[in-house]
Amino acid sequence: MLKRKIVTAILTFIISTLIISSLSPVEVLLNGSQNYETSTFFQDIILISVYVGVGIFFFGLPVSILIELITQKPKEARFALSFPLHILFGIIPVFVLGFLAIFSLLVSMVFLLIDELIRFFTKEKNSGYKYVKT
C-alpha cells in the first residue's frame, strides 16, 4: 500500500503541477496582479511545484494513507467511502488557502483517480490469471 501511495503522490505531483501551471500564471494566483510579463512558464512551474509538493507530500499522502486504513474493512463500500473523504480533505484547506482551495480539490481528485487506476491495474496483474501464449 505504501509503495502504491508514494508512486501515486509522485505522479499526482507531476500532473497537478503541470495542470495548475497551465491554468493561470503565478502572479494571478498569489496576488491578483495582471502583469504576465514578469515571470516565465518555467519559473511558474518551479514556484507552483513547491506549493503542490508540500501539499501533496505533507498533507495529501498522510491523509490518503489514513483514508486507506479507514476504508480497508468495508471492502464492498471502499470506494463509496473513499471518494467523499478525499473530497472532504480536499476542501479543508479552504480555511488556509481561500479561493486556492479549488486547486486543492483538483489535486485531491487527481490523487484519487491515479490511486484507483494503479489499484485497478495492479489488482488485475496480480489476480492470479495466467495468460497462455498461442
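**Exercise 1. Confidence along the chain**

Which element of the protein chain has the lowest mean pLDDT, and which the highest?

*Solution.* Begin with the ground rules: this is a predicted model, in which local features need pLDDT of at least 70 and side-chain atom pairs count only at pLDDT 80 or more, while totals for chains, interfaces and linings use all residues. Residues are numbered from 1 along each chain as its sequence is written, and side-chain values use heavy atoms, with hydrogens and water left out. The score itself, pLDDT, is the predictor's confidence in each residue, from 0 to 100, and helices are DSSP runs (H or I, at least four residues) numbered from the N terminus. Helix 2 (residues 26-30) has the lowest mean, 57, whereas helix 1 (residues 2-23) has the highest, 88. Over the protein chain the average is 79, and 77% of the residues score at least 70. Where pLDDT is low, the predicted coordinates should not be read in detail.

**Exercise 2. The span of helix 1**

Determine what span helix 1 should have, and compare it with the model.

*Solution.* The expected span of a helix is 1.5 Å times one less than its number of residues. Helix 1 has 22 residues and should therefore span 32 Å; its end C-alpha atoms lie 31 Å apart, which agrees.

**Exercise 3. The largest nonpolar core**

*Solution.* A nonpolar core is a set of buried Ala, Val, Leu, Ile, Met, Phe, Trp, Tyr and Cys residues joined through side-chain atoms within 4.5 Å, where buried means under 20% relative accessible area, exposed over 50% and partly exposed in between (1.4 Å probe, protein chains only). The largest such core has ten residues, among them Ala 9, Ile 20, Val 52 and Phe 103. As for Val 52, its contacts (heavy atoms within 4.5 Å), leaving aside neighbours within four places in sequence, are Phe 13, Ser 16, Thr 17 and Ile 20.

**Exercise 4. Buried charges**

Which residues are linked in a network of salt bridges, and where do the partners of Lys 5 lie?

*Solution.* A salt bridge is a side-chain nitrogen of Lys or Arg within 4 Å of a carboxyl oxygen of Asp or Glu, and the structure holds seven. The network links Arg 4, Lys 5, Glu 68, Arg 78, Asp 115, Glu 116 and Arg 119.

1. Arg 4 and Asp 115 meet at 2.7 Å, N to O; Arg 4 is in helix 1 and Asp 115 in helix 6, 111 residues apart.
2. Glu 68 bridges to Lys 5, with the closest N and O atoms 3.3 Å apart; since Glu 68 lies in helix 3 and Lys 5 in helix 1, the pair ties together parts that are 63 residues apart in sequence.
3. Asp 115 and Lys 5 also meet in a salt bridge, at 2.7 Å, N to O; because Asp 115 lies in helix 6 and Lys 5 in helix 1, this pair ties together parts that are 110 residues apart in sequence.

For burial, compare relative accessibility with the cut-off: Arg 4 is at 15% and so counts as buried, as do Asp 115 at 2%, Glu 68 at 8% and Lys 5 at 1%.

Technical notes: Helix = DSSP H or I, 4+ residues; strand = E, 2+ residues; numbered from the N terminus.
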